[in-house]
Amino acid sequence: MQTHKDKIVVVGAGNVGEAIAYTLMVRDQANDIVMIDVNEDRARGAALDIGHGTGFYKQVWLRQGGYEECADAKMIIITAGIARKPGQTRLDLAKTNVNIVRGITRSIMEYANDPLILVVSNPADIITAAVWEESGLPSERVIGSGTSLDTARFRYILSEKLHVNTEDVNAYVLGEHGDSQVPIYSSAVIGGFPLDEYAKQVGIHLDKKAIAEATKTAGGEVIRLKGATFYGVAMAVSTIVETIMRDDCAILPVAHVLDSSFGEWGGIAMSMPCRIGWKGIEKTLRIPMNDEETAAMNASAKILKDFMAQVREM
């Protein structure tokens, strides 16, 4: 089998997997993209459709394949699972999707040696922990997309409220990728200014509770309006992929199973700011938080820990 240095395997050829493959192609982040799905026709059709577009862009090899393609892949992205329905929490998805993804992980590990796995399937934190357990990989090699999309939504909403370029907004949503997510206002910076100082100088009052709620419900709103979300998560995943493939050592809010040094947060997967490079997560950082944010993070960790205990009993 031919080896490709920049080969990425996408498991799951639904809306999210297809959008991710398309985004990776357009942003020139891999020279070989393989799509795997239990519905082989769907995977083959998606690969063909995206591949036809390379005639207008640049040559990238897109194709449908099997799990043997994982053997020499730089990265494996898992998007497979049952889609979230309107009004359904990500935690509600776990009982079905954990079983699906455990089987996928076993198939990956049958061929891959020390792979780097990026988990997108929802509920992302629970699935990330399940993939880590099933694979036996170091936690820094199993990365969940986590709150990267929530953070992007948070920055987008703040930029609109503050009339500033989104690139000037440096603020995180951490904890669970779901209902207990925690927006970190106390460390937020706008163009180098603390958030509250910037808002004061430009004369804008921020309703922080309303912004937090709008961030948390943004995904549900998109699902209500059009039935599914996939472009936002594709861009979030593409940014993580780019950071790894270019060894950028960028700091992104992603999930992985935290170690015992994090105390009560240890042993579960939830999002923290992480420095990411060629080998995966290089360093997990502790962002300054106020007492209210710390309490909210503790509550988020407890929700995830309690649910993981239920998943392990399945």
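This is a predicted model: local features need pLDDT of at least 70, side-chain atom pairs count only at pLDDT 80 or more; totals for chains, interfaces and linings use all residues.
Two strands count as paired if DSSP finds at least two bridges between them, and the strands themselves are DSSP runs (E, at least two residues), numbered from the N terminus, as are the helices (H or I, at least four). Residues are numbered from 1 along each chain as its sequence is written, and side-chain values use heavy atoms, leaving out hydrogens and water.

First, the strands. β7 and β8 (residues 182-190) run antiparallel, joined by five bridges. Look for Y172: opposite this residue stands I184 in β8. The open sheet has three strands in the order β7-β8-β9, with antiparallel pairing. β7 and β9 (193-194) are the edge strands, each pairing on one side only.

Now, a pocket. On a 1 Å grid over the protein atoms alone, a pocket is an open set of points where a 1.4 Å probe fits, with protein on both sides within 12 Å along at least five of seven lines; lining residues have an atom within 4 Å of a point. The second largest pocket is lined by 19 residues, and S148, T151, A152, R155 and T239 are the closest to its centre. Which elements give two or more residues to that lining? They are α5, β7 (169-174), α8 (231-245) and β10 (250-257). α5 gives the most, with six residues. So β7 is one to remember: an edge strand and a contributor to this pocket's lining. Thanks, everyone!
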